[in-house]
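Good morning, and thank you for coming.

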Amino acid sequence: MSRKKNRKKNFVKQIAVVNKTPVKQEEQMVQMDLGPRRSVAFIGSECYPFVKTGGLGDVMSALPKTLAKLNLDVKVILPRYKCIPQKFQEKMEYRGSFYMDLCSDGKQYYVGIMEYQKDGVVYDFIDNDEFFSWGNPYTNLIDDIPKFCYFAKASLAALNYLDWTPDIVHCHDWQAALVPLYLRTCFQNTNVGRASAVLTIHNLRFQGIYDRKMIQYWSGLPDYVFNKDCMIQNWLDANMLKGGIAYCNKITTVSNTYAGEIQTEEYGEGLAAHLRYHNNKIRGIVNGIDTDNWNPATDKLLTANYDTESAVENKKINKKALQESLGLEVDDHKMVIGLISRLTNQKGLDLVNTVVPGIMDGNTQVVVLGTGDAWYENTFRYYEYKYKGSFCAYIDYNENVAHDIYSGCDAILVPSRFEPCGLTQLIAMRYGTVPIVRETGGLKDTVSPYNMYDNTGNGFTFDRYESGLLYDAINRAKTLYFESRKYWDDMVIRDMNKDVSWEKSAKQYKDLYVELTPRN
Ligand code: ADP
Ligand code: GLC
């Protein structure tokens, strides 16, 4: 069948699947107003609410939903991990299964497809107990490398099996970075091989680097991609993200500043030269957040809902509830500063540890929510013990507590060493909680510094990675909070009014997809 005919067939089929009713004339008109129609398959390793360990899960959830409203057919392909809650597993429908070869052992691997539909998006979960039976999506590289080789190949094979040929395959981070290589090698002469590949780098620190022989064995990719301009990292190792960068049609990263930073030696994580070589393919598109899910006016997890009218008063109620639930002294005169983060080297926690004794002045409380490196966890536990009633170390991953912190705190700290985009500052602003951030990556692009002369800006910022500068930024925030509350409250409202939705950025992704597949 010709490409055009096949697309047309898929188009009709997808509309029918998504809407379950034939497309009405008015709906067609609306779709026409929204510009050209394209189809895109998202391929990634996590997606809220099924499975989330960080911001990638948020993006894989909110961006497809917004794109579906922009006249795009969107499918999201995910691993069917055992840890996906039962309530979702129960609603998945079996769409078929087949066997696929993978590595050089000649063995045939089972690929099951389980489907779930919501908000105009079709989610297809790749089912295979051998690879996805662990409690967590990520374990260690020895297991994760074979798992994500299998996932990348099975995702493309599933698209062919479903006879769903997307215009764009949009893959995310190293876990899906082999997709462009499979597209242009084993799938080149199949339906899905016609798609263009977009690779989004959410975090360059993680690249899927491992023993070259092992990656070559598990991926089953041809020898010629194992060269120094593509998959080869050094004489021992291969690098999956590096290969994806070489083979995709476009690279996006999650803020404009990070798109520039990753091409420098300081932030390039060893791939700066490779990225500079592929510079003409790179584009920065800043993340948004799901403003339905993160909405202080309707958030069911809050003690008191609020909008810009009621924020100043109702945030006090949420602060009290937060203080009570976390064992902090209940006093709405205290300034409460929150931190919600993976506790890793990326997040600027050594700066935080250095400044904590200085900021615990009797008028300030600090709440940390996160899990990660034992050293950070234990230091925060020690501070909780030392500053009882003023410091809380909530060492866990907990969505409900996160909502309480976003709504009940006055300020949020994001002093990252590097931050491709960062969502915590965006969510905080939506909840009228003032961000204190380092000017790097997406933090720089989304938080404009407070200007005391004309009373503008969204938060407090500092540039170089130095604890003294973080300390200074926190003190500037405290000064405004304690001495000019009216101006502080103005900033709370400004932050709540700031557009942190996906609308603008989703349009930029759509423009990119259309650019890659030019036709009406
Ligand atoms: P990253 O992806 O680098 O971890 P982001 O700022 O992009 O950072 O996204 C972090 C996301 O994970 C946000 O939605 C944040 O609320 C959430 N999050 C991080 N740590 C926790 C935690 N301990 N409990 C609940 N949510 C968390
Ligand atoms: C990564 C980055 C974070 C970004 C998120 C979503 O995990 O560390 O800055 O917001 O991906 O793109």
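In which loop is Asp163 found? Asp163 is found in the loop between helix H6 (141-161) and strand E6 (168-172); helices (H or I, at least four residues) and strands (E, at least two) are DSSP runs, numbered from the N terminus. Although Asp163 is not a glycine, its phi is positive, at about 60 degrees.

Some conventions are in order. This is a predicted model, in which local features need pLDDT of at least 70 and side-chain atom pairs count only at pLDDT 80 or more, while totals for chains, interfaces and linings use all residues. Residues are numbered from 1 along each chain as its sequence is written, chains are lettered from A and ligands numbered from 1 in the order in which they are written, and side-chain values use heavy atoms, with hydrogens and water left out.

I turn to the domains. The chain is divided into domain 1 (31-290 + 504-515) and domain 2 (311-499), with bounds that come from an automatic or database domain assignment. Their C-alpha centres lie 33 Å apart. In contact across the boundary (heavy atoms within 4.5 Å) are 22 residues of domain 1 and 21 residues of domain 2.

How much area do the two domains bury between them? The figure is about 1600 Å², 58% of it on carbon and sulfur atoms; buried area is the accessible area (1.4 Å probe) that two parts lose on being put together, summed over both.

Two salt bridges are found across this interface, a salt bridge being a side-chain nitrogen of Lys or Arg within 4 Å of a carboxyl oxygen of Asp or Glu. Asp499 and Lys504 also form a salt bridge, their closest N and O atoms being 3.8 Å apart.

On the side of domain 1 that touches domain 2, the elements that give two or more residues are helix H3 (55-68) and helix H10 (256-261). H10 gives the most, with four residues.

For the structure as a whole, the count of salt bridges is 31. Lys147 and Asp144 meet in a salt bridge at 3.0 Å, N to O. These two residues are separated by about one helical turn, because they are three residues apart in helix H6.

Aromatic pairs number 34 in a search of the whole structure; rings of Phe, Tyr and Trp (its six-membered ring) pair if their centres lie within 6.5 Å, and planes under 30 degrees apart count as stacked, over 60 as edge-to-face and the rest as tilted. Tyr99 and Tyr110 have ring centres 5.8 Å apart and planes at 70 degrees, so the pair is edge-to-face. Tyr99 lies in strand E3 (residues 93-101) and Tyr110 in strand E4 (residues 108-118), eleven residues apart.

Finally, a cis peptide bond joins Tyr48 and Pro49, with omega about 5 degrees. Pro49 is found in the loop between strand E1 (38-43) and H3.
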